[in-house]
Amino acid sequence: MPDGYVPMVAGGDEARVEVVVRNDGLRPVFAPQVGLATPAGWTVRPLSKAPSELLPGRAATFAFAVALPPSAEPGAASLTATTSYEVLGHGRLRQTTVSAVVVAPARRTARWCCRITSGSAPPAAG
């Protein structure tokens, strides 16, 4: 998405949200997981499976279906992606990324998509 772009969705919509996790470190990371938190009343359903490992310089996309109730309050809202992964010798590390969306008044039909990018940076070997 271009910088400054804020996705728009309306009450009653179901949207595909993608969280891209990139390993910017020098070591592989294991068991990467992503959780997606939304405003109260919204529902989240995972659409993809997590890889067992993510090699340095590689990325994985985690997709979710997010449904808003028809009564979703118009205005600004946030989606919070929490990424966690194992790094040998350092345990399970966690990172949180927040993305804004605009909720429009409910309409009959709509579809939208959002991509959140979250990089991982395991500690340097030492």
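This section describes the confidence, the sheet and the salt bridges of a predicted model.

The mean pLDDT of the protein chain is 86. Of its residues, 80% reach 70 or more.

Five strands build an open sheet. Their order is β1-β8-β7-β3-β5, and the pairing is mixed. Strands β1 (8–10) and β5 (53–54) lie at the edges, each pairing on one side only. Strands of a sheet pair through backbone hydrogen bonds, in either the parallel or the antiparallel sense.

Strand β7 (residues 75–87) and strand β8 (residues 91–104) run antiparallel and are joined by 13 bridges. Within this pair, Val87 stands opposite Gly91 in β8. Strand β7 also pairs with β3, again in the antiparallel sense, over six bridges. Here Leu36 has Ala81 of β7 as its bridge partner. Strand β3 (residues 29–37) in turn runs antiparallel to β5, with two bridges between them. Val29 stands opposite Leu54 of β5.

The whole structure holds four salt bridges. Among them is the contact between the side chains of Glu18 and Arg16, at 3.0 Å from N to O. The two partners fall into separate accessibility classes. Glu18 counts as buried because its relative accessibility is 13%, under the 20% cut-off. Arg16 has 39% relative accessibility and therefore counts as partly exposed.

Arg22 forms a salt bridge with Asp24. Their closest N and O atoms are 2.8 Å apart. Arg22 is partly exposed, with a relative accessible area of 34%. Asp24, at 45% relative accessibility, also counts as partly exposed. Its value lies between the 20% and 50% limits of that class.

A further salt bridge links the side chains of Arg92 and Glu86, at 3.4 Å from N to O.

Notes
Residues numbered from 1 in each chain as written. Heavy atoms only, no water. Pairing = 2+ DSSP bridges. Helix = DSSP H or I, 4+ residues; strand = E, 2+ residues; numbered from the N terminus. pLDDT = per-residue confidence, 0-100. Buried < 20%, exposed > 50% of the residue type's maximum accessible area, 1.4 Å probe, protein only.
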